[in-house]
Amino acid sequence: MPRRHNDLFPQIASFEALRRAARKAIRGKRRKRGGAAFQFALERELLALERELLSGTYRTGRYVEIELVRPKKRLVSAAPMRDRVVQHALMDVIGPIFDQGFIGNSFANRIGKGTHRAIGTYERYRDRHAHVLRCDIFRYFPAIDHEILKHDFRRRIKCPRTLILMDTLIDGSNPQEPVNLHFPGDDLFAPFARRRGLPIGNLMSQFSANLYLDPLDHFCTEVLRAPYLRYVDDFALFHDDPAVLAGWRDRIAQFLEKRRLRLHPRKTFVASTGEPAEFLGMLLHANGKRALPETNIQAFKGRLKGMVRAVHAATLSHEDMAARIASWQAHAKHAHTYAARRAILGRAMRQLRAGT
């Protein structure tokens, strides 16, 4: 049993802790209405949050919901700024505690990890093994079970007020799409009686998604002893024998039933590592070449056209357009995309200068 930590709440609820958290929450959002309003009344807002947290009267606000259709249909939820500040303050304290127990090859939402380190690790395992088992969880965020997640919180946190705050943030999450799956031992109404689902686009959700699959990480690396890596719910295991990987897939499916999760039937498969593989937004070839999927390039071209029109209409500044382009380039530069980037961005710059 890991060590359980107590007396954490004063480190979370103090004015100074909230002020540090506010800097993180507002970063990059000062021009948006919620960020600007919170910044304008910063001291008053933080004092109110401190008072509510210490008195036990803090409650979460209402989420803003946005339905995205690309690259796939999903619901993204934005918490009010004051709730984002609380989540940052909480994560500053509990994040390092849980992170100590995570395996090295869990790459999502962790300092010093990230997408491109995960891709590099995938390539190293690919080059050493003949086959890969690619796995994905069926409707992962909507399927996360609140009761199981809260039990996971208590494996490392003992502080009662911190646990109440963590539970409040989970209970205050907005409803997600239903995932009505039955598992061994369930009666007819069990899937409807259990609270499930966490909002995408939420700091607490990102942390919880990592934590919820941490037992799977240890099962794969310590029990199966597999070459393994995971980024959120996208994970891969490697071996020279496809029959071994098929057996691992069955054992993983059984393990996930205890977490009330199912493997995605279409996105879970065994493949040769000699075949090109799309992983975390990159198309990876066995010869070491990396490419962006055509869907990514076409989607960026479409966004770029919209940005050019918005700049001409004076609804988007040149600075904001440059920031959005830099964000895409930061990912694209990790693939062999120099010629494509030069052509796409050159065309956009000519359109900007021409005013068309």
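View 1. Arg230 is buried, with 1% relative accessible area. Buried means under 20% relative accessible area, exposed means over 50%, and partly exposed lies in between (1.4 Å probe, protein chains only). Asp217 is buried too, at 0%. Arg230 forms a salt bridge with Asp217, and the closest N and O atoms are 2.7 Å apart. A salt bridge is a side-chain nitrogen of Lys or Arg within 4 Å of a carboxyl oxygen of Asp or Glu. Arg230 lies in strand 4 (residues 228-231) and Asp217 in helix 12, so the pair ties together parts that are 13 residues apart in sequence. Helices (H or I, at least four residues) and strands (E, at least two) are DSSP runs, numbered from the N terminus.

This is a predicted model: local features need pLDDT of at least 70, side-chain atom pairs count only at pLDDT 80 or more, and totals for chains, interfaces and linings use all residues. Residues are numbered from 1 along each chain as its sequence is written, and side-chain values use heavy atoms, with hydrogens and water left out.

**View 2. Salt bridges at helix 8.** The count of salt bridges comes to 16. One joins the side chains of Asp171 and Lys150 (2.6 Å, N to O). Asp171 lies in helix 9 (residues 160-171) and Lys150 in helix 8 (residues 146-153), so this pair ties together parts 21 residues apart in sequence. Asp171 is partly exposed, at 39% relative accessibility. Lys150 is buried, at 19%. Another salt bridge links Arg259 and Asp152 (2.4 Å, N to O). Arg259 sits in the loop between helix 13 and strand 6 (269-272) and Asp152 in helix 8, so the pair connects parts 107 residues apart in sequence. Arg259 is buried at 10%, and Asp152 is buried at 6%.

**View 3. Arginines over rings.** The charged end of Arg259 also sits over the ring of Tyr212, 4.6 Å from its centre. The charged end of Arg262 sits over the ring of Phe183, 4.6 Å from its centre. A charge sits over a ring if NZ of Lys or CZ of Arg is within 6 Å of the ring centre and within 35 degrees of the ring normal.

**View 4. Stacked aromatic rings.** The structure holds 8 aromatic pairs. Rings of Phe, Tyr and Trp (its six-membered ring) pair if their centres lie within 6.5 Å; planes under 30 degrees apart count as stacked, over 60 as edge-to-face and the rest as tilted. The ring centres of Tyr122 and Phe279 are 4.6 Å apart and the planes are at 25°, so the pair is stacked. Tyr122 lies in helix 6 (residues 115-128) and Phe279 in strand 7 (residues 277-279), so the pair ties together parts 157 residues apart in sequence. Tyr122 is buried at 2%, and Phe279 is buried at 1%. The ring centres of Phe219 and Phe255 are 4.7 Å apart and the planes are at 20°, so this pair is stacked. Tyr122, Tyr125, Phe238 and Phe279 form one aromatic cluster.
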